[in-house]
2 protein chains.
Amino acid sequence: MHSPELLKGTLQTIVLKVLKDHGKMYGYEITQRVKELSLGSILLTEGALYPTLHRLEGEGLLKTETVMFGKRVRKYYTITTEGKASVKERVSEFVDFIKTMGNVLQVEMN
Amino acid sequence: MHSPELLKGTLQTIVLKVLKDHGKMYGYEITQRVKELSLGSILLTEGALYPTLHRLEGEGLLKTETVMFGKRVRKYYTITTEGKASVKERVSEFVDFIKTMGNVLQVEMN
DNA sequence: GTCTAATACCTAAATCACTTAGGTAATAAG
DNA sequence: CTTATTACCTAAGTGATTTAGGTATTAGAC
């Protein structure tokens, strides 16, 4: 586990990117995928995730579809065209940030 | 300028690392050095910097020396042995974080 | 069969680093 | 003499995230 402070400001980008790469997913599934991709070091909390999903939906970057799975509800999220444009920008902004931090901290990031 | 949210959680690491690399410095000088190293994209605000310096001093990671420069006060900060250990840890933690983010966002950070 | 862990959604109060917005004062430039 | 820069500082406000709750279904262990 990383110190959680570093994660701040990256949650939206992570959610959008994972949804862009893996298509239709529901909230809980996103937490599991991120856990997998990060080898267990990024554990999204539900208290942060659900409000973020609702916000991204409200901004038109995600759209939803509620499905009954037996008696259990699943709310699937898909990225919109607008969301794809946004994630592209956010990821490249993140990469720029990392390059800058590499200069400031004088380390190689690879 | 990067979106400032990404910077959250990195301020202490930046301050400690810059002080480790450049030796004795005062607050204003740190803002200028960081601005330089980041090619103008990281502009530390004083409202964040000074409380951080005081906190790091309180934790024993920095020590200070106040010098009169003509009629102007300058408070020089130096990193302590404890601070050096801390910065080493924080930087490698940051590098780990970047690697993890590289996996999650599926991008090369170099 | 029932108890716990995992799945699956959600909200709301509290936290805390940081921004914003102040304040003081010396020096340099025009 | 007025503005920009240097140089320190504090405190209220902000906002993303944590913490701490709540509801309910399904699977596995004992």
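Student: How many nonpolar, polar and charged residues does the surface near DNA strand D have?

Tutor: This is a predicted model, in which local features need pLDDT of at least 70 and side-chain atom pairs count only at pLDDT 80 or more, while totals for chains, interfaces and linings use all residues. Residues are numbered from 1 along each chain as its sequence is written, and chains are lettered from A and ligands numbered from 1 in the order in which they are written. A residue is near a molecule or strand if its C-beta atom, placed from the backbone, lies within 6 Å of it, and Ala, Val, Leu, Ile, Met, Phe, Trp, Tyr, Cys and Pro count as nonpolar, Asp, Glu, Lys and Arg as charged, and the others, Gly among them, as polar. Sorted in this way, the surface near DNA strand D has 10 nonpolar, 9 polar and 10 charged residues.

Student: Which elements give two or more residues to the surface near DNA strand D?

Tutor: Helices (H or I, at least four residues) and strands (E, at least two) are DSSP runs, numbered from the N terminus. DNA strand D is surrounded by 29 residues, the closest being Gly47(A), Gly70(A), Tyr26(B), Gly27(B) and Tyr28(B). The elements that give two or more residues to this surface are α3 (46–58) of chain A and, from chain B, α2 (27–37), α3 (46–58) and β3 (72–79).

Student: Which element gives the most to the surface near DNA strand C?

Tutor: There are 28 residues around DNA strand C, and Tyr26(A), Gly27(A), Tyr28(A), Gly47(B) and Gly70(B) come nearest. Two or more residues of this surface are given by each of α2, α3 and β3 of chain A, together with α3 of chain B. By class, the surface near DNA strand C has 9 nonpolar, 9 polar and 10 charged residues. The element that gives the most, with 5 residues, is α3(A).

Student: In what order do the elements of chain A run from the N terminus?

Tutor: The C-alpha atoms of chain A fill a box of roughly 55 × 30 × 20 Å, taken along the principal axes. The secondary structure of this chain comes to 4 helices and 3 strands. From the N terminus on, these elements run α-β-α-α-β-β-α.

Student: Which residue of β3(A) is the bridge partner of Lys63(A)?

Tutor: Two strands pair if DSSP finds at least two bridges between them, and in chain A 3 strands form an open sheet in the order β1-β3-β2 with antiparallel pairing. Because β1 (25–26) and β2 (62–69) of chain A stand at the edges with a single partner strand each, one side of each is left without a neighbour in the sheet. β2(A) pairs with β3 (residues 72–79) of chain A in the antiparallel sense over 8 bridges. Within β3(A), the bridge partner of Lys63(A) is Thr78(A).

Student: What is the phi of Gly70(B), in the turn between β2(B) and β3(B)?

Tutor: β2(B) and β3(B) pair in the antiparallel sense over 8 bridges. Thr66(B) has Lys75(B) as its bridge partner in β3(B), and Val67(B) stands opposite Arg74(B) in β3(B). The two strands form a hairpin with 2 residues between them, and Gly70(B) in the turn has a positive phi of about 70°.

Student: At roughly what angle do the axes of α1(B) and α2(B) cross?

Tutor: Two residues are in contact if their C-beta atoms, placed from the backbone, lie within 7 Å, and here Ile14(B), Val15(B), Val18(B) and His22(B) in α1(B) meet Ile30(B), Arg33(B) and Val34(B) in α2(B). The residues of this contact divide into 5 nonpolar, 1 polar and 1 charged. Axes are lines fitted to C-alpha atoms, for helices over the stretch in contact, and angles run from 0 to 180 degrees between N-to-C directions. The axes of α1 (residues 11–22) of chain B and α2(B) come within 11 Å and cross at roughly 95°.

Student: Which element gives the most to the side of chain A that touches chain B?

Tutor: 31 residues of chain A are in contact with 31 residues of chain B. On the chain A side, the elements that give two or more residues are α1 (11–22), α2 (27–37) and α4 (81–105). The residues of this side divide into 15 nonpolar, 10 polar and 6 charged. With 12 residues, the element that gives the most is α4(A).

Student: As by what kind of axis are the two copies related?

Tutor: 100% of the interface residues of chain A are also interface residues in chain B, so the copies meet through the same surface. Copies are superposed by least squares on the C-alpha atoms of residues with pLDDT of at least 70 in both, and a rotation of 180° with 0.0 Å of shift along its axis superposes chain A on chain B (RMSD 0.1 Å). The two copies are thus related as by a two-fold rotation axis.
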